[in-house]
Amino acid sequence: MSYEVFARKYRPQTFDDLVGQTHVSRTLKNAVAQNRLAHAYLFVGPRGIGKTSTARILAKALNCVNGPTVTPCGVCDNCREIAAGNSLDVIEIDGASNNSVEDVRQLRDNVRYAPAKGRYKIYLIDEVHMLSPAAFNALLKTLEEPPAHVKFIFATTEPQKVLPTILSRCQRFDLHRIPANLIAQHLQFIAGKEKITLEPAAAHAIARGAEGGLRDTIAEADVLNVFGFTSEQTVTDLTGHVLRSETAGALELLYQQCESGKDMMRLMSDLIAYLRDLLVFKAKPDALSEDIDSDLQKSLAAHAELITIDRLLELIDQFAAAEGRMKWAPNKKLHFEVALIRAIQSLNQATLDEVIENLSALRGGGGVRPPGAPSKDVVARGAESRAAKSAAGISDPGYNRSVRVAEQPSQYNAPEPSSNIDSAKVWQEVCAKIPAQKAFLRNSAAAAHVLGTEGRNFLLGFAPDQRSMMDILATQTNRKFLETLLHEITGKDWTVKLSVKEELPSKQSSPSQTGKSSRADDFKDDPLIQEAIEMFKAEIKS
């Protein structure tokens with residue numbers, strides 16, 4: 001017996017075999033069972049989701065020797081001929097190559113003849129939108145009042161191209177894209193039948209790559225050595241390197257994929273798709289519950305804490321632009337490398353809006369707004385305003401609500417530092433590893449007082465007049481970045497705890513000769529401020 005590809009071998013043969021189209025199969029079974037059959041049906045949907053298969057199953061249900069029945073036997077001559085595509089009573093027509101008026105005129109003349117063996121003569125026109133307007137008009141009268149023994153079944157991927165006069169004469173069914181979880185389960189079923197070992201993660205990765213089309217998925221699974229396919233774990237690891245600003249790790253992973261023969265275009269496409277999933281997950285975490293497995297959900301949850309939506313949109317735009325350049329470039333690896341490095345650098349840079357707003361806040365005497373946090377009005381400094389802010393708590397929506405910043409005006413009793421770690425030395429190493437691009441974060445970290453450790457908590461304190469410095473460290477992105485550095489240095493997981501202590505002195509504010517502190521002196525040596533001064537030909541006035 002000759003070899004038969006999986007897509008044909010495992011084609012659905014009954015309504016119950018249809019995957020992910022329960023709404024269609026249920027309605028058609030009810031219509032057949034109650035003998036309430038329309039004279040024309042239109043199946044609409046993207047490629048590979050079961051339009052032609054549904055049409056053939058409906059034809060078998062009508063012309064089976066036991067029919068009309070919702071469960072065609074599949075063994076009678078009519079069922080076997082319809083499944084093989086050579087039935088005299090089920091005429092399959094390709095709308096793309098039979099789209100003229102003459103073809104429709106011939107069809108109109110043949111509908112008068114009774115079926116040869118079956119109960120109905122069924123015309124199945126695939127890609128019906130390819131018919132010319134004249135051919136559609138020639139079909140109108142026959143379609144509206146066909147003989148009792150004739151049924152029309154149309155299938156199309158572009159219903160907007162079908163004339164409204166045709167649509168109004170058909171009973172329309174919209175077939176949906178199949179969820180990835182259902183496709184992965186069907187792949188496991190086929191693998192079991194073929195005695196092939198298929199890991200669940202691999203099945204899910206193939207299903208995700210098919211974008212809802214079961215035929216494409218089975219075709220890819222049929223090729224056992226999917227040479228250009230990228231595993232989900234590879235894309236997850238690459239995204240993690242980018243979000244953690246690990247340029248060396250990202251490039252090393254890219255080189256490994258290139259040397260193993262992976263398709264760079266496919267890898268870029270998978271990376272953009274993962275970032276899209278991450279964007280949707282941040283906006284609505286349960287929106288992808290039917291398309292991703294639990295392991296991928298955990299990865300998305302971890303990565304969602306490392307980036308804001310604005311930065312994520314920038315990443316998607318950058319990689320999409322790189323993908324467009326890679327299509328026509330002979331050296332795709334080069335453009336991929338540049339895109340990775342540029343993306344990582346962009347995450348470490350303050351946006352123009354943040355720079356302008358922070359400079360305006362400094363000139364107005366207000367606090368520095370943390371990168372990525374929404375703008376707010378400048379409040380007056382003084383004991384009363386600080387007390388009111390302390391009583392209200394931190395209300396910036398950029399903060400993580402699950403971790404509150406403790407502000408206790410009472411006398412502080414320092415906890416005993418851990419015997420096996422020098423917290424002050426560790427914090428010095430952390431400050432040294434903060435890149436120069438993160439100027440605000442670097443200055444804020446230098447202003448912190450190390451209070452020691454308490455279990456897995458790394459305790460930092462700030463003077464009352466340096467609350468703005470603490471606000472910068474308290475943002476979710478910066479706090480996660482510091483905890484990552486602590487893990488790299490100590491090999492342990494830490495949670496950074498921040499607090500304001502009345503008795504702590506200011507590290508950066510030093511009194512001048514007149515006894516008054518100058519806020520401009522706190523920031524005049526900042527590289528970002530110096531660059532802004534040079535760019536705008538400005539000067540700092542006390």
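**Close-up views of a predicted model**

View 1. The chain averages a pLDDT of 80, and 80% of the residues score at least 70. Where pLDDT is low, the predicted coordinates should not be read in detail. Residues are numbered from 1 along each chain as its sequence is written, and side-chain values use heavy atoms, with hydrogens and water left out. As this is a predicted model, local features need pLDDT of at least 70 and side-chain atom pairs count only at pLDDT 80 or more, while totals for chains, interfaces and linings use all residues.

View 2. Helices (H or I, at least four residues) and strands (E, at least two) are DSSP runs, numbered from the N terminus.

**View 3. Strand 3 and its partners.** Strand 3 (residues 121-126) is largely enclosed by the rest of the structure, because 5 of its 6 residues are buried (under 20% relative accessible area, 1.4 Å probe, protein chains only). Strand 3 pairs in the parallel sense with strand 2 (residues 90-94) over 5 bridges, and Tyr123 is the bridge partner of Ile91. To strand 4 (residues 150-156), which runs parallel, strand 3 is joined by 6 bridges; here Tyr123 stands opposite Phe152.

**View 4. Helix 21 against helix 22.** In helix 21 (residues 467-474), 8 of 8 residues are buried. Its axis and that of helix 22 (residues 476-490) come within 5 Å and cross at roughly 75 degrees (axes are lines fitted to C-alpha atoms over the stretch in contact, with angles from 0 to 180 degrees between N-to-C directions). The two helices are therefore roughly perpendicular to each other (65 to 115 degrees). Ile472, Leu473 and Ala474 of helix 21 meet Gln476, Asn478, Arg479 and Leu482 of helix 22.

**View 5. Asp277 in helix 13 (residues 264-283).** Asp277 is buried, with a relative accessible area of 3%. Beyond its neighbours within four places in sequence, Asp277 is in contact with Arg208, Leu288 and Leu300.

Key. Buried < 20%, exposed > 50% of the residue type's maximum accessible area, 1.4 Å probe, protein only. pLDDT = per-residue confidence, 0-100. Parallel < 35°, antiparallel > 145°, perpendicular 65-115°, else oblique. Contact = heavy atoms within 4.5 Å. Pairing = 2+ DSSP bridges.
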